[in-house]
Amino acid sequence: MKITVGRLLLAASLTLVPAGLALLYLLVELTRALAPSLRALAGGPYDGLKPYLALALLGSSLFLLLIYSLEQVAGHIFGLGAGLHMVKVKAEGAKPYGFTTGGLSRWVSFVVLGGGEDPELERFVELHEEAHAKFKHPAKIWIVGAVMYGEMSALPSTYVALGQLPQYIYVFSVALVATTAYLLFVLVRALEIEADIYVFKNMGLKSHDLFVKLMKIRYGSWRQPLRSRLTHTQGEFVLLLGDPIAAHAPWEHLLLLSAASATALLPKLAATFQPAYQNPVAYYLLLLLGTLILNYFLSLIGEYALRKMVKAKLTDRGYTNLARLTASASFLMTSLASLASFPISIVIIILGFYIVYKIISIYIRNIYYVMLVYLIIAMITAPWMLSI
């Protein structure tokens, strides 16, 4: 039987959908037992928010446990131990392609070739899939997927425990799930970029020629079809221009992090401003619009500073994306910090510094001035956000 991504997705769905529904039933029943403790968490200014977040964390943790358990069973059935596994398949007449699958501790990369390919083209496909497995990309997707499962399962579970919830909790939940779903989309594109960087480091500029050759063999044109461009960024930025952060669309990070900031700020606004408590949909949309505008102008300041300080081989689009990622991430961390008390808020900003450092270091090497811009924007916005 031919192994394809579609067949693997179908097999995974036939296993995960019933298992996920069974887990949801378990969570609801567990919530009934924990209802007295959850009601005790429901007081205070963020009425209903703490139980929702606690149940979201519980749902995410149990989903990861489910994935790990299913992975152990599959590993035993197929005789696969933990770690990276590479499978090469020669199929006469097949167009060359590759894909990587796996769980939290096992990753299998398939490279399918039709025979008679350029050895370097075979190496190109192999390196790309090797990167997906080496950097544990399936595990990262499962973790974000588990977070989204926890968010979705927490709403019915919280309702079972507390009964009628404040309206802003429903809006917050929908906004959080939508933001996490969009994060999953951006993450997939970022992981493809990381795989392209790995290929570029190993094969140099000829990797772009091999990329064009592969696209022509698979699609009859050097340009990927829309279904591929949705999950795969523009390869020429990484493989030809050497500017991986430019491969993202200019709106990707700005929209994602602005939506995350607006979602984080909604509970605080609803807790302190009665009209927002009564009509959270309208005020969430206003928060989203305001955050988008603010992050856009902060990124303009950041881009001007980065162009002066960062000495890297970036395109104009690369500088724009770098500034939008840095500025929007800084504002997101100050937004989260504003929800906590003073000592914890400082920890959140420092933790955010580390997370942004790790993300940006994937794209460029000289990141010290980038992090300085992060701190400057945090110092500009933090006093205002913490005083609200």
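How many salt bridges does a search of the whole structure find? The search finds eight salt bridges, a salt bridge being a side-chain nitrogen of Lys or Arg within 4 Å of a carboxyl oxygen of Asp or Glu. The model is predicted, local features need pLDDT of at least 70, side-chain atom pairs count only at pLDDT 80 or more, and totals for chains, interfaces and linings use all residues. Residues are numbered from 1 along each chain as its sequence is written, and side-chain values use heavy atoms, with hydrogens and water left out.

**View 1. The whole protein.** The protein has 14 helices and three strands, where helices (H or I, at least four residues) and strands (E, at least two) are DSSP runs numbered from the N terminus. Its C-alpha atoms fill a box of roughly 70 × 55 × 30 Å along the principal axes. Buried residues make up 48% of the 388 residues, where buried means under 20% relative accessible area, exposed over 50% and partly exposed in between (1.4 Å probe, protein chains only).

View 2. Arg 123 forms a salt bridge with Glu 126, the closest N and O atoms being 3.8 Å apart. These two residues are separated by about one helical turn, because they stand three residues apart in helix α3. Arg 123 is partly exposed at 35% relative accessibility, whereas Glu 126 is buried at 13%. Lys 88 is linked with Arg 123 and Glu 126 in a network of salt bridges.

**View 3. Two partners for Arg 307.** The side chain of Arg 307 meets that of Glu 303 in a salt bridge (3.0 Å, N to O), and meets that of Asp 316 in a salt bridge of 3.2 Å, N to O. Glu 303 and Arg 307 are four residues apart in helix α11 (residues 280-309) and are therefore separated by about one helical turn. Glu 303 counts as buried at 13% relative accessibility, Arg 307 as partly exposed at 35%, and Asp 316 as exposed at 54%.

**View 4. The largest nonpolar core.** This core has 49 residues, and those with the most contacts inside it are Phe 124, Leu 306, Leu 322, Ile 360, Ile 364 and Val 370. A nonpolar core is a set of buried Ala, Val, Leu, Ile, Met, Phe, Trp, Tyr and Cys residues joined through side-chain atoms within 4.5 Å. Helix α12 (residues 316-337) gives the largest share of this core, eight residues. Leaving aside neighbours within four places in sequence, Leu 322 is in contact (heavy atoms within 4.5 Å) with residues including Ile 245, Leu 314 and Ile 360.

**View 5. Leu 27 in helix α1.** Leu 27 is found in helix α1 (residues 5-41) and counts as buried, at 2% relative accessibility. Not counting residues up to four places away in sequence, Leu 27 touches Leu 58, Gly 59, Leu 62, Tyr 149, Ser 153 and Ser 157. Leu 27 and Gly 150 are 123 residues apart in sequence, yet 9.9 Å apart in space, C-alpha to C-alpha.

**View 6. Lys 136 in a loop.** Lys 136 lies in the loop between α3 (119-134) and α4 (137-162). Its phi is near 60 degrees, a positive value in a residue other than glycine, and Lys 136 counts as partly exposed at 41% relative accessibility.
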